[in-house]
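Hi,

Here is the structure I promised to pass on. Have a look at it first, and then read my notes below.

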Amino acid sequence: LHIEKELQEALTDFSFDLNFQPQYDAKEQKLRGIEALVRWKGQDGIPISPLEFIPIAEKNGSMVSIGGWVVEESIRTFSIWKKKYDLNLILSINISSGQYREDGFTERLLGILKKYGINPEELELEVTESVLFEDFRTAVEKMSVLKDYGIRIALDDFGTGYSSLSYLKGLPVNTLKIDKELTDGILKDLNTGIMTESVIAMAKKMGFETIAEGVETKEQLIRLKELGCDYIQGYLLGRPMSGEDIEQLLK
Ligand code: G
Ligand code: G
Ligand code: NA
Ligand code: MN
């Protein structure tokens with residue numbers, strides 16, 4: 001309840017912030033893109049994890065505004081870096097299911113891209129399977145429209161939760177993000193290793209790109225490379241960091 005009240009106030013004085021985490025090519029460890037991650041500090045200045053406040057914001061309807069801010073602010077920031085450093089990178093933005101389902105989502109997004117001179121091909125939307133739950137057909141149609149415009153779509157947290165293989169085959173997504181849970185267990189747990197290997201092999205055959213999340217050790221990186229995972233994200237190669245720190249990396 002406390003957080004809920006503070007969230008309302010945060011919305012009016014916009015005390016949100018963005019961090020950015022780099023994504024790298026698994027083979028050469030060349031920068032592939034940057035994921036924008038929302039950050040929020042409560043009134044006492046203590047950071048509150050998105051894992052905690054996003055579900056609350058989804059429930060009380062404020063996630064659409066917060067997410068809208070994330071979209072415009074990350075694209076605006078990315079456009080500055082693009083000009084300054086002549087970049088050829090992908091910007092990944094997490095989209096909540098409520099945000100994704102909003103009428104006019106695609107049109108607004110295209111408007112923002114145009115405003116800041118970012119090509120649709122430079123943008124990847126990270127959605128979780130939850131966008132598919134309420135109305136599968138409408139959600140997939142929206143994906144197709146986005147994809148037709150050139151916007152990339154990644155399925156986040158893949159391999160956990162209710163992940164089902166049955167719907168994957170017809171899905172107009174570009175990328176599967178292998179969940180940290182799979183990365184964590186890849187060398188520790190026999191069955192998790194088998195699952196990760198199978199998911200990557202299947203994704204490749206189905207034409208999806210793969211990004212492994214939460215890569216923390218060199219051994220995990222080596223194994224993922226062996227399995228043919230395309231991209232790597234995690235503390236080993238780069239933590240979520242401020243815009244200033246990302247600029248150091250882009251220079
Ligand atoms: O980076 P961090 O550990 O704080 O992220 C925790 C979770 O919050 C992750 O699952 C991430 O996808 C999600 N998240 C981070 N930023 C955003 C955002 O801007 N929008 C949405 N919808 N989710 C986000
Ligand atoms: O689900 P999503 O990919 O959006 O999650 C991103 C979240 O994972 C962020 O909260 C980010 O801080 C966290 N994260 C990114 N890399 C690592 C990592 O190597 N280890 C751990 N523990 N968390 C990570
Ligand atoms: Na994500
Ligand atoms: Mn994830």
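Where does the largest share of the shell around ligand 1 come from? Helix 2 supplies it, with 3 residues. Please keep in mind that this is a predicted model.

Let me stay with ligand 1 for a moment. Its shell has 13 residues, and those that come nearest are Leu 37, Val 38, Pro 50, Asn 94 and Ser 96. Besides helix 2 (50–59), strand 2 and helix 3 each give at least two residues to this shell.

Now to ligand 2, which has 15 residues around it. Gly 214, Glu 216, Gly 234, Tyr 235 and Pro 240 come nearest.

Most residues other than glycine have a negative phi. Gln 29, however, is not a glycine and has a positive phi, near 55°. You will find Gln 29 in the loop that links strand 1 (16–25) to strand 2 (31–41). Gln 29 counts as partly exposed because 14 C-beta neighbours lie inside 10 Å, and the partly exposed class falls between 12 or fewer for exposed and 20 or more for buried.

The other case is Asp 86, again not a glycine, with a positive phi of about 55°. Asp 86 sits in the loop between helix 3 (63–85) and strand 4 (90–94). With 8 C-beta neighbours inside 10 Å, Asp 86 counts as exposed.

Best wishes

Notes. Residues are numbered from 1 along each chain as its sequence is written. Chains are lettered from A and ligands numbered from 1 in the order in which they are written. This is a predicted model: local features need pLDDT of at least 70, side-chain atom pairs count only at pLDDT 80 or more; totals for chains, interfaces and linings use all residues. A residue is near a molecule or strand if its C-beta atom, placed from the backbone, lies within 6 Å of it. Helices (H or I, at least four residues) and strands (E, at least two) are DSSP runs, numbered from the N terminus.
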